[in-house]
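Take a look at the model below. This short report covers a helix pair, a chain contact and a pair of domains.

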Amino acid sequence: MEVTRIENVTRVYKIGKVETQALRGVSLSIESGEFTALVGPSGSGKTTLLQLIGCLDLPSGGHVYINSKDVSSLNRNQRADMRRGTIGFIFQFFALIPTLTAYENVEMPLLLNGHSASERRTRVLELLKSVDLADRANNRPDQLSGGQQQRVAIARALAPKPTLILADEPTANLDTTNGAQVMEIMTRLNQETGVTFVFATHDPRVIKYARRVVTLRDGLIVENNNGTKADPGA
Amino acid sequence: MIQLFKMAFRDLGRNRRRSFFSALAVGMGLAMLLLLASFIKGEYGAAIESSIRLQSGHLQVRAKSYDESKTSLKWEDLIENPDQVAAQIASLNPVQVATPRLFASGFVSTGNESAGVRIFGIDPLSEANAPYREGLVSGDFLTPDDREGVLIGRRLADNLGLSVGDQINLSVNTSNGDVDEQPFTVRGIYSTQTGGFDGITVFLPLAKAQAITQAENRASTIFVLLKDSAQTDAVVSALQGPNYQVLTWAKMNELIVQTEDLASGYMSIFYLIVLGITATVIINTLIMSVFERTREIGVLSALGMKGRRIMAMFLAESSLLAVGGIILGLILGGLVVAYFTKYGFFIGNFGVTGILIGDTIYTRLTLKDTVTLTIMAFVVTLLAGLYPAMMASRMEPVEALRAEK
């Protein structure tokens, strides 16, 4: 089943009078359960593409579908609703709320989705266990290492049982060991839960975990999957 | 909701010193408002009370044609058989005391100095004169049959260099338009702590005042004190008649009431300034907080938190600041007001002509003022949070996530 489909999407940023074309017409389809890497040098459009799939931003042209629903013209609140139950995010910076404990950070999306206290408790503890942090539930982010923080972020992204998790350079701020651990946890959760992962990276050690690799350059997909050249206009 | 406040509380805890000083700004603002309001209430409340006690009473019954501004002593402007009229009024249940008084104008002269005065002919035995009797600083109070004694205020005594036992000449207007002059002895000196009254009021026994002014068995007014000022209107309607005019304390102290209104008007401008400054501090704090947490706002937004809820989060912070500030303000303001309620605020002889203001103002804080000002401080603080909260709620998630921190 198709989780997301991108059709001929462009994204132009205007800074003053200067226009920058971040995406020049990208088409892509991602199936349920994929573990896909978006790769390419900085400025190739990886982050922009993730933000469009994640309903954080709107395309300048073309269409973005999430679970067959066109999200290209949703307003702010509709996009927030779409993100809340459907999409989980993992950021390069660990992006935990510093005033909340690990437990409360994971609980946040469940609170936003209106789950009951007992549902939240069961789910949060189960998730913290699955990222090997059950014993750090009451620690605040500043009491956790970078790797541990990123694992909390993974648990948080999984909390509302999303269909799609988007990760933007999830290991960029981690050392090799922690980076590998994070990738292994993501791989395992992808296999265990079947949730789709799409992550942007330019780290070859991370790319090797991907089952599918989509390469971008200058706002276009230049390589899709196992070496087949993509047709930018398709 | 609880989660929202829990988060807001912790967010304020990130920069404890800044949050404390912001709340303190609200607190100091509120404390200042409480002090000002209690000062105004104290000043004018005391002015009305001393006016009622010292010169207007709750009610005065006068002849229909009596004109206060002229201090008329014409027989037709006076009340005949005043003792009898006073006794009738005193028989009404709400009336505490009713006593005749005769007013005249004149001047006191000693060897080389003189001063214009107003003469109060009073019944020395009436309990209505308690404030003067209790204010006696030297000498004796008058007796009804004293034919040569006068009672003068301390300020007048100081101005003319008089002490008990000294001789003065008193010149008084009379009923037929002449001026009569007679020597008197200073029997006693009183002080009501109200310079405006003590400097110009000279007391004579009623009988002597009637004699010197040739008013005979007449008085300018029947001075009435009630057991409860709330009964004023009821007594007024009971006293209405064709020959008399009945004046209420509110009417007689119109100037004070109007001045109080004016002062309150000025004060509301001052309140706005104080609250404006407080609001600026809060806006500043919260805007800084929004900027510092831009990326967090982006993350929360990415998790699906809607603008409305982000706004609510910041409003929860400003309401916590408001509550903290109000607690500080009530403690701080309460202590300062309590001090000035007990020890007063010495202003010296800072009176406005026509208004009896004591030399010390004792603050009076009413429950109504406290509640109104507290609500005002809360609402202003909350409103101050509105702009930063809206700013946070309108951030584009993409922009917010791109922020440095």
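How many Å apart do the axes of helix α3 and helix α5 of chain A come, and at roughly what angle do they cross? In this predicted model, the two axes come within 7 Å and cross at roughly 25°. Helix α3 of chain A covers residues 102-112, and helix α5 of chain A covers residues 146-158. Angles under 35 degrees count as roughly parallel, so α3(A) is roughly parallel to α5(A). The crossing of α3(A) past α5(A) is right-handed.

Which residues meet here? From α3(A) come A102(A), N105(A), V106(A), M108(A) and P109(A). Their partners in α5(A) are V152(A), A155(A) and R156(A).

Next comes the contact between the chains. Chain A gives 17 residues to the contact, and chain B gives 16 residues. On the side of chain A that touches chain B, α2 (76-86) and α3 each supply at least two residues. The largest share of that side, 6 residues, comes from α2(A).

The table sorts the residues of both contacts by class.

| Residue group | Nonpolar | Polar | Charged |
|---|---|---|---|
| Contact of α3(A) with α5(A) | 6 residues | 1 residue | 1 residue |

Now turn to chain B. Its domain assignment gives domain 1 (2-51 + 256-402) and domain 2 (65-241). How many Å separate the C-alpha centres of domain 1 and domain 2 of chain B? These centres lie 50 Å apart.

How values were computed: Residues are numbered from 1 along each chain as its sequence is written. Chains are lettered from A and ligands numbered from 1 in the order in which they are written. This is a predicted model: local features need pLDDT of at least 70, side-chain atom pairs count only at pLDDT 80 or more; totals for chains, interfaces and linings use all residues. Domain bounds come from an automatic or database domain assignment. Axes are lines fitted to C-alpha atoms, for helices over the stretch in contact, and angles run from 0 to 180 degrees between N-to-C directions. Helices (H or I, at least four residues) and strands (E, at least two) are DSSP runs, numbered from the N terminus. Angles under 35 degrees count as roughly parallel, over 145 as roughly antiparallel, 65 to 115 as roughly perpendicular and the rest as oblique. A crossing is left-handed if the near helix is turned anticlockwise from the far one by less than a right angle, and right-handed if clockwise. Two residues are in contact if their C-beta atoms, placed from the backbone, lie within 7 Å. Ala, Val, Leu, Ile, Met, Phe, Trp, Tyr, Cys and Pro count as nonpolar, Asp, Glu, Lys and Arg as charged, and the others, Gly among them, as polar.
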